[in-house]
Amino acid sequence: MMNCVIDFGDTSWVLVSFLLVLGMMPALALFEAGLLRSKNTLSIITQVVTGCVINSVLWILVGYTLVFGPSLGGVIGGLDHLLLINVPVNDCGPHTSTVPAAAFAMFQMNFASITPLLITGAYAERLKFTAFFVLTV
C-alpha cells in the first residue's frame, strides 16, 4: 500500500479536469447536432444527455467496483465498492497516492460516460431511441 498524502494541487487539478471533461459532453452534443439535419438536433442532444446519465449511474452502481475493486483472478474487480460504498472521501485509494479516492472515481466516471457517446454521431439519423438505449447500456 502506498503512503497517502493528500496534495491540494493534485486534487485541484483532478477536479478541474473533471469539470473540463464534463464540459465535453454538451460540446459533443452541439458538435454532432451541427453535423445533422436540423430536424434531428433534438434527437442527438437527447441521446448524448441520456447516455451521460445512464453511463454515470452504471459507473456508480457497478462500474467503479468492476474496474478498480479488489482483483478477482486478475481479470475483473470484486463487488467490494458496489454503489461506491467503502470508497474513501478523505483518504487515498489504492490507485492514487495524492488524490482522494472519491475524486478519482468521479474523474474516471466522466471518461466512462463519454466514451460510448463518441459513436453516437456514427449512427445519428439511423437508429431509434430504444436501439440507442440498448447499445449504450
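Select Phe104 to begin: at a relative accessible area of 14%, Phe104 is buried (buried means under 20% relative accessible area, exposed over 50%, partly exposed in between, with a 1.4 Å probe and protein chains only). You are looking at a predicted model, in which local features need pLDDT of at least 70 and side-chain atom pairs count only at pLDDT 80 or more, while totals for chains, interfaces and linings use all residues. Residues are numbered from 1 along each chain as its sequence is written, and side-chain values use heavy atoms, with hydrogens and water left out.

**Stop one: the aromatic rings**

Rings of Phe, Tyr and Trp (its six-membered ring) pair if their centres lie within 6.5 Å; planes under 30 degrees apart count as stacked, over 60 as edge-to-face and the rest as tilted. How many aromatic pairs does this rule give? The count is six. One of them joins Trp59 and Phe68, edge-to-face, at 6.3 Å centre to centre and 80° between the planes. Trp59 and Phe68 are both buried. Now turn to Phe68 and Phe104: their ring centres are 5.2 Å apart and their planes stand at 65°, so this pair is edge-to-face too. Phe68 belongs to helix α2 (residues 41–68) and Phe104 to helix α3 (residues 101–114), so the pair ties together parts that are 36 residues apart in sequence. The relative accessible area of Phe68 is 15%, which makes Phe68 buried.

Is Gln47 buried or exposed? Gln47 is buried, with a relative accessible area of 3%. Leaving out residues up to four places away in sequence, Gln47 touches Leu117, Thr120, Tyr123, Leu127, Phe129 and Phe132 (contact means heavy atoms within 4.5 Å).

From there, go to Phe132 in helix α4 (residues 129–136). Phe132 counts as buried, at 0% relative accessibility. Draw a distance between the C-alpha atoms of Phe132 and Thr50: they are separated by 9.9 Å, and the two residues are 82 residues apart along the chain.

**Stop three: the cavity**

Next, select Leu36, Asn40, Ser43, Ile44, Gln47, Ala124 and Glu125, which line the largest cavity. A cavity here is a set of points on a 1 Å grid over the protein atoms alone where a 1.4 Å probe fits but cannot get out, and lining residues have an atom within 4 Å of a point. The volume is about 30 Å³, where a volume is the space filled by probe spheres set on the points, joined across faces, edges and corners. The count of cavities of 30 Å³ or more is one.

**Stop four: the whole chain**

Zoom out and colour by secondary structure to see four helices and two strands. From the N terminus, the elements run α-α-β-β-α-α; helices (H or I, at least four residues) and strands (E, at least two) are DSSP runs, numbered from the N terminus. Along the principal axes, the C-alpha atoms fill a box of roughly 55 × 35 × 20 Å. Of the 137 residues, 37% count as buried. Among contacts with a separation of 6 or more, 58% come from residues 24 or more positions apart.

Conventions:
On a 1 Å grid over the protein atoms alone, a cavity is a set of points where a 1.4 Å probe fits but cannot get out, and a pocket is an open set with protein on both sides within 12 Å along at least five of seven lines; lining residues have an atom within 4 Å of a point.
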